[in-house]
Every structure is written in C-alpha cells, then in structure tokens.
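User: I would like to learn how to read the features of a model. Please take me through them one at a time.

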Amino acid sequence: MKNNLVGGLEDRQVKYLGSTHEGKKHDKKICDEEGTRFSDGVELYRDSGFQGHELANVTVHQPKKRPRNGRLSADDQEANRLHSSIRVIIEHILSGIKRCRVVKDVFRNTKEGYDDVVIELACGLHNYRRYCRNQSY
C-alpha cells in the first residue's frame with residue numbers, strides 16, 4: 001500500500017495524508033489523480049519520484065539527476081547534498097509513522113476502508129508524540 005504525505009519541516013508533523021493506493025502505482029500518477037493543492041509561496045521539497053509533476057505558485061526543490069554518461073557539476077552536487085539534508089527530516093517522519101508496525105508489515109485485513117483508517121491512526125499517533133515532545137512543562 002502507498003500514500004502521499006506532506007510533512008512540516010519545523011514541527012516535524014504530518015500536514016497532509018493522501019488516500020491509500022496499491023503499491024505498484026507511481027507516485028506522480030497518485031499526485032495527478034488526487035489533485036493536491038498548496039497555498040501560494042510554499043516551498044516544496046520532494047524526491048525524484050514526482051519528476052514531471054508541476055504545481056502553480058509553488059517553489060519546487062528536487063534533486064538533479066546525473067546525465068547519462070556524464071557528471072554533475074560541483075554546484076549541482078552541493079544542491080543535492082542540501083536537498084538530502086532537508087529530505088532526511090521527512091524520512092524521520094515516515095519512520096515515526098512506521099513505528100506502528102501494522103503500517104510497516106503486510107496488512108491482511110480485507111475489509112473496505114480499513115487500510116485508510118490504519119494509516120490515519122498511525123499518522124495521528126505520530127503527530128501526538130511530536131506534540132507531547134514539544135510541550136514545556
């Protein structure tokens with residue numbers, strides 16, 4: 001199963017969770033079907049799975065691919081390093097969600113809609129853990 005999600009860099013919480021799709025469906029196709037919209041002036045850091053997906057009024061940061069039989073320039077390599085240092089925050093959000101093992105393991109419940117409920121609960125628990133960590137007592 002696969003979901004698209006948007007995470008916040010400052011508070012490290014899940015801001016948007018898309019619907020659940022089969023795992024073999026491509027990320028860009030899911031994004032095109034869902035029609036996710038962002039407010040103007042947002043900076044979006046995404047991986048190369050969304051290459052070719054364009055959004056209006058959004059600044060998109062995406063790693064640059066090495067050309068075939070070529071090399072990236074030093075500036076492009078540095079930009080990719082910066083992008084991956086920001087992208088690791090999203091990977092930490094994903095690992096916080098997958099702390100609920102029912103999301104990570106094979107989901108064998110065949111009832112309609114249960115896969116959506118499970119991922120929503122896992123994201124909610126992750127956001128609650130982040131909220132509790134940020135509280136000063």
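**Reading the features**

Analyst: Asn-69 is exposed, with a relative accessible area of 78%. Buried means under 20% relative accessible area, exposed over 50%, and partly exposed in between (1.4 Å probe, protein chains only). This is a predicted model, in which local features need pLDDT of at least 70 and side-chain atom pairs count only at pLDDT 80 or more, while totals for chains, interfaces and linings use all residues. Residues are numbered from 1 along each chain as its sequence is written, and side-chain values use heavy atoms, with hydrogens and water left out.

User: Where is Asn-69 found, and what is its phi?

Analyst: Helices (H or I, at least four residues) and strands (E, at least two) are DSSP runs, numbered from the N terminus. Asn-69 is found in the loop between strand 4 (58-61) and helix 2. Phi of Asn-69 is near 55 degrees, a positive value in a residue other than glycine. Phi of Arg-12 is also positive, near 55 degrees, and Arg-12 is not a glycine. Arg-12 sits in the loop between strand 1 and strand 2 and is partly exposed, at 31% relative accessible area.

User: Which residues of helix 1 are buried, and how are they placed around the axis?

Analyst: The arc is that of the directions from the helix axis to the C-beta atoms. In helix 1, Asp-27, Ile-30 and Cys-31 are buried. Seen down the axis of helix 1, these buried residues fall within an arc of 100 degrees, so they line one face of the helix.

User: What does Asn-4 contact?

Analyst: Contact means heavy atoms within 4.5 Å. Leaving aside neighbours within four places in sequence, Asn-4 is in contact with Tyr-16, Leu-17, Gly-18, Asp-27, Ile-30, Cys-31, Glu-34 and Phe-50. Asn-4 lies in the segment before strand 1 and is buried, with a relative accessible area of 8%.

User: Which residues make up the largest nonpolar core?

Analyst: A nonpolar core is a set of buried Ala, Val, Leu, Ile, Met, Phe, Trp, Tyr and Cys residues joined through side-chain atoms within 4.5 Å. Here the largest has eight residues: Val-14, Ile-90, Ile-93, Ile-97, Cys-100, Ile-119, Ala-122 and Cys-123. Helix 2 (74-97) and helix 4 (114-134) each supply at least two residues of this core. Not counting residues up to four places away in sequence, Val-14 touches partners including Ile-93, Ile-97 and Cys-123.

User: What is the volume of the largest pocket, and which residues lie nearest its centre?

Analyst: On a 1 Å grid over the protein atoms alone, a pocket is an open set of points where a 1.4 Å probe fits, with protein on both sides within 12 Å along at least five of seven lines; lining residues have an atom within 4 Å of a point. Grid points are joined across faces, edges and corners, and a volume is the space filled by probe spheres set on the points. The largest pocket has a volume of about 1000 Å³. Its lining has 40 residues, with Asn-3, Asn-4, Leu-5, Val-6 and Leu-94 nearest the centre. Helix 2 gives the most to this lining, six residues.

User: What is the volume of the second largest pocket, and where does the largest share of its lining come from?

Analyst: The second largest pocket has a volume of about 160 Å³. Helix 2 provides the largest share of its lining, five residues.
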